[in-house]
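This report covers how two chains touch and how one of them is built. The structure is shown first.

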Amino acid sequence: MFDNLIARAIVPVTIAVTGFVIFVCILLYSFVKSDMTAEALRNVNNCADTVVKSTRSAMMEDDQRAIQDIVSNIGTRPSVELIRIYDQEGQVQYAGEEKQGVQSETVETHIANFLQADFATKKQDQRDIDHSSGNITVSLPILNEPKCSTAACHFHADDEPVLGYFSIAVTSGALEKTLAVLRYRMMIFSVMVLFLTIGGVTALLRMNLFLPILRLTYNAEQAAQGVTEPDLPKSDHKLGKLNKDFRLLVKQRDQALEDLKALEVPDGNVDDGSDKS
Amino acid sequence: MDPTNHETEAPLPDINPLRMQVQAKIKKLELLSSTGLWILALFTALSMGALRDFDFLPPLSESIRVALGAGPPIKYINGALLIYGFSAIILILTQMASDKKPSGALGHFGYLGAFYLFYHFSEGLRENFWAVFSVGLTILGLQSYHVWNYYHEKIQEQAEILLELDKLLD
């Protein structure tokens, strides 16, 4: 009975707390991962935009050597895995050093999407993140601006909305590392919360409920074996009236036994109360 | 009255039908006590399908997809899941504390299945599968524990009645 009492008190608390802490941690990790990924993509997008802006002057002057130098220099950075500039037909015009294991399929898919898309979609950047291989890929269109279409040396017509495409892939190693650290910290935090909650609840229940009940059970056993009320171990007052009433019952039983003994006649028979005189 | 005259005593009513009734009730309660586990098993099977992103099911036709419309944003589903998980756990704990007859396990299974479907249609099931699975396991685990506990007590009550009847029969 006592084992069941412990189980009934602790099992639901354990299931509820454990499950809810794990669930909230997974959900929180999902939120943080999504926010950090979005931030990383925004950063790479800004970098890509900066590169496009920095090559614009060389593009205006049709200085192909300068454009190739810019692209090659950026490509030598260890974190840059791929850098390419495509023309309007989706052909690679300039490319930097490409690291091994780069998934250029993602970039090709971006360019294919650009070529198939309508005018509104063509203007939107395309972003991709592959957590398993640790790549962030961003592709953006190089849009026609008034100073491009009016340039004397190398011009594009007004009705050409997009002049080419720029793609860059950088490693997401730093992001993955931060996410891994966050994961471990959350796991440690969850385990600590679980131990503290379940340990705290168990300690409080044991102190205020289980131990007083154990003492009362022991007293009941002793009383059943014939121990009188004064000889019963002293008990605390955590069970309140229940303990007092139990001791009162034992006391009344002791009193009844004493009365019974007093009524016993010396020859061993109980006085039936009839007047024999 | 002569206590030795057994012929004049009124015969005891036949308690065998009553015993059989109690035994049938115990069997019924035993069946009911395992319903929580059955629903938990059903949820595990559904989760195995969700883990594979329901790739074994035929894809929905374009017309049905258009009729259904775009899935809700994932952050809204996450918020709804958090509120649902918290409320469901509190609800079951309240039921347990007030010793009420357990109910709503099938409803919880339906809600969790709907969350899997919403994530599936919003293309966020891979990222959020473990969140739904852990909250589902918690809710249905608590529910099945409550079901088992509640009916186990009822079975014990009936077993005591059966014992008394057996004593009478002896």
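## Contact between the chains

In this predicted model, chain B touches chain A through 20 of its residues, which are in contact with 15 residues of chain A. The size of an interface is often given as the accessible area lost when the parts come together. For chain B and chain A the buried area is about 1500 Å², and carbon and sulfur atoms carry 75% of it.

Specific polar pairing between the two chains can be listed briefly. The count of salt bridges between chain B and chain A is 0. The count of residue pairs in polar contact, with both residues at pLDDT 80 or more, is 1.

## The chain B side

Two or more residues each are given to the side of chain B that touches chain A by helix H4 (74-97) and helix H6 (125-169) of chain B. The largest share comes from H6(B), with 12 residues.

By residue class, the side of chain B that touches chain A divides into 11 nonpolar, 7 polar and 2 charged residues.

Chain A contains 7 helices and 5 strands. Along the sequence these elements follow the pattern α-α-β-β-α-α-β-β-α-β-α-α. Among contacts in chain A with a separation of 6 or more, 61% are between residues 24 or more positions apart.

Chain A has 277 residues, of which 34% count as buried. The accessible surface of chain A is about 16800 Å², and 58% of that surface belongs to carbon and sulfur atoms.

Methods: Residues are numbered from 1 along each chain as its sequence is written. Chains are lettered from A and ligands numbered from 1 in the order in which they are written. This is a predicted model: local features need pLDDT of at least 70, side-chain atom pairs count only at pLDDT 80 or more; totals for chains, interfaces and linings use all residues. Side-chain values use heavy atoms; hydrogens and water are left out. Contact means heavy atoms within 4.5 Å. Buried area is the accessible area (1.4 Å probe) that two parts lose on being put together, summed over both. A salt bridge is a side-chain nitrogen of Lys or Arg within 4 Å of a carboxyl oxygen of Asp or Glu. A polar contact is a pair of N or O atoms within 3.5 Å; within protein, one must be able to donate a hydrogen and the other to accept it, and residues adjacent in sequence count only if both atoms are side-chain atoms. Helices (H or I, at least four residues) and strands (E, at least two) are DSSP runs, numbered from the N terminus. Ala, Val, Leu, Ile, Met, Phe, Trp, Tyr, Cys and Pro count as nonpolar, Asp, Glu, Lys and Arg as charged, and the others, Gly among them, as polar. Buried means under 20% relative accessible area, exposed over 50%, partly exposed in between (1.4 Å probe, protein chains only). Accessible areas come from the Shrake-Rupley method with a 1.4 Å probe; for residues, only the protein chains shown count as cover.
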